[in-house]
Amino acid sequence: MQSLPQLEVLFDSTGKGLGLPAPLSRAYGGDLGLAGDCLVANFVESVDGVVAFPDAAGESGAVVSGGSAPDRFLMGLLRACADAVLIGAGTLRAAPGDLWFPESIFPAAASLYQQARRALGLTERPRLYVVSGSGRVDPGHPALRDGVVLKGKLEPGEILAALRRDGHRRILCEGGPGLFAELLAARLVDEIFLTLSPRLFGRWAGDARKALTEGRDLAGARLELVSLRRHQSHLFLRYRCG
Ligand SMILES: NC(=O)c1ccc[n+]([C@@H]2O[C@H](COP(=O)([O-])OP(=O)(O)OC[C@H]3O[C@@H](n4cnc5c(N)ncnc54)[C@H](OP(=O)(O)O)[C@@H]3O)[C@@H](O)[C@H]2O)c1
C-alpha cells in the first residue's frame with residue numbers, strides 16, 4: 001500500500017485546526033484550519049503558469065503536477081474536509097471518467113479521509129456540483145450519479161447561494177480557470193490552495209492552454225500568503241484572498 005507523503009512546513013500562520021486524524025495532520029504538517037463557512041479553491045500550476053491543456057487525454061492537473069503523490073494527497077484531504085465540490089462544465093468534460101471523491105484521487109488514505117469526515121460530522125462524501133451555462137453535459141458521466149448540475153447562466157453569487165441553500169458550508173472549487181476567475185472577480189473566494197509544480201510547458205499565440213484564471217480582468221487583486229509547504233521541488237502555497 002502507498003504510504004502517506006510528508007509535507008515539509010516552511011511557514012504556517014493559519015492557527016487552530018479542524019481536529020484531523022493524527023496520521024493526516026502528521027502528513028500534511030498540521031491541521032487545515034479551515035473556517036466553518038468558506039469557499040476555497042485548489043489548483044496545480046506549472047512554474048510558467050500553465051494549468052490546462054486543450055489536448056490533454058483527461059484532467060490537465062495530473063499532467064501539470066506530473067502525477068505528484070503529495071498533490072493528490074492534498075486534493076483528497078481538501079475534498080475530505082468539504083461539504084461540497086464545485087466545478088465548471090469544462091472541467092467535467094475534460095475528465096469523462098473521473099469522480100470528485102476524496103479517495104478517488106488518493107486511495108491510500110481512503111479510510112483516514114472517511115475518519116476525518118466522521119469527525120467533522122460530514123456526510124459520507126462531498127456532493128459534486130457542476131455549473132453549465134449551455135447545459136451541455138453528459139448525463140451518463142459517472143460523477144453525475146450523485147452529482148448536481150446547475151444549468152443556465154448564473155451570477156457567481158447565485159451559484160454560491162444555491163449550494164448554501166442545500167446546506168453546504170465548506171465549499172471546495174476545483175476549477176477550472178474560467179469558473180474560478182468568475183468567482184474571484186465576484187470576491188467570493190476565501191482561500192486558494194495552489195500547488196506550484198516544478199515544470200515548464202510554454203505558451204504561444206493561439207495555444208488554447210490556460211492559466212490559473214481566464215476570461216476576467218482581476219485588476220491586481222491582492223493575496224496574502226498564509227502557509228507554504230514543500231515536498232522535494234513541489235511547493236504548496238495557501239493564500240487568503242483580500
Ligand atoms: N491544473 C488544475 O489544477 C486544474 C483544475 C481544474 C481544471 N483544470 C483544467 O481546466 C480545463 C477546464 O477549464 P475551463 O476554464 O475551460 O472550464 P471550467 O471553468 O471548468 O468550466 C467553464 C464552464 O463552466 C460553466 N460556467 C462557468 N461559469 C458559469 C456561470 N456563471 N454560470 C453557468 N455556467 C458557468 C460554463 O459551462 P458551459 O460551457 O456548459 O456553458 C463554462 O463554459 C480542463 O482542461 C481541466 O482539466 C485544471
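In this predicted model, an N or O atom in the side chain of serine 134 lies 2.6 Å from an oxygen atom of the ligand. Taken on its own, the ligand has 930 Å² of accessible area, of which the protein covers 86%.

The ligand sits in the largest pocket, and the elements that contribute two or more residues to the shell around it are β2 (38–46), α2 (60–65), α4 (89–94), β4 (127–132) and α8 (177–185). Among these elements, α4 provides the largest share of the shell, with five residues. The shell holds 29 residues in total, and those that come nearest to the ligand are Thr91, Arg93, Ser132, Ser134 and Leu154.

With regard to the chain as a whole, the secondary structure consists of eight helices and nine strands. The radius of gyration of the chain is 17 Å, which is close to the 18 Å given by the globule rule for 242 residues, so the chain is as compact as a globular protein of that length. The C-alpha trace spans about 45 × 40 × 35 Å along the principal axes of the chain.

Definitions and conventions. Residues numbered from 1 in each chain as written. Predicted model: local features only at pLDDT ≥ 70, side-chain atom pairs only at ≥ 80, totals over all residues. Heavy atoms only, no water. Near = heavy atom within 4 Å. Polar contact = N/O pair within 3.5 Å; in protein donor to acceptor, adjacent residues only side chain to side chain. Areas by Shrake-Rupley, 256 points an atom, 1.4 Å probe, with all protein chains shown as cover. 1 Å grid on protein atoms, 1.4 Å probe; cavity = no way out; pocket = protein on both sides within 12 Å on 5 of 7 lines; lining within 4 Å. Sits in = over half its atoms within 2 Å of the grid points. Helix = DSSP H or I, 4+ residues; strand = E, 2+ residues; numbered from the N terminus. Rg over C-alpha atoms; globule rule 2.2 N^0.38 Å.
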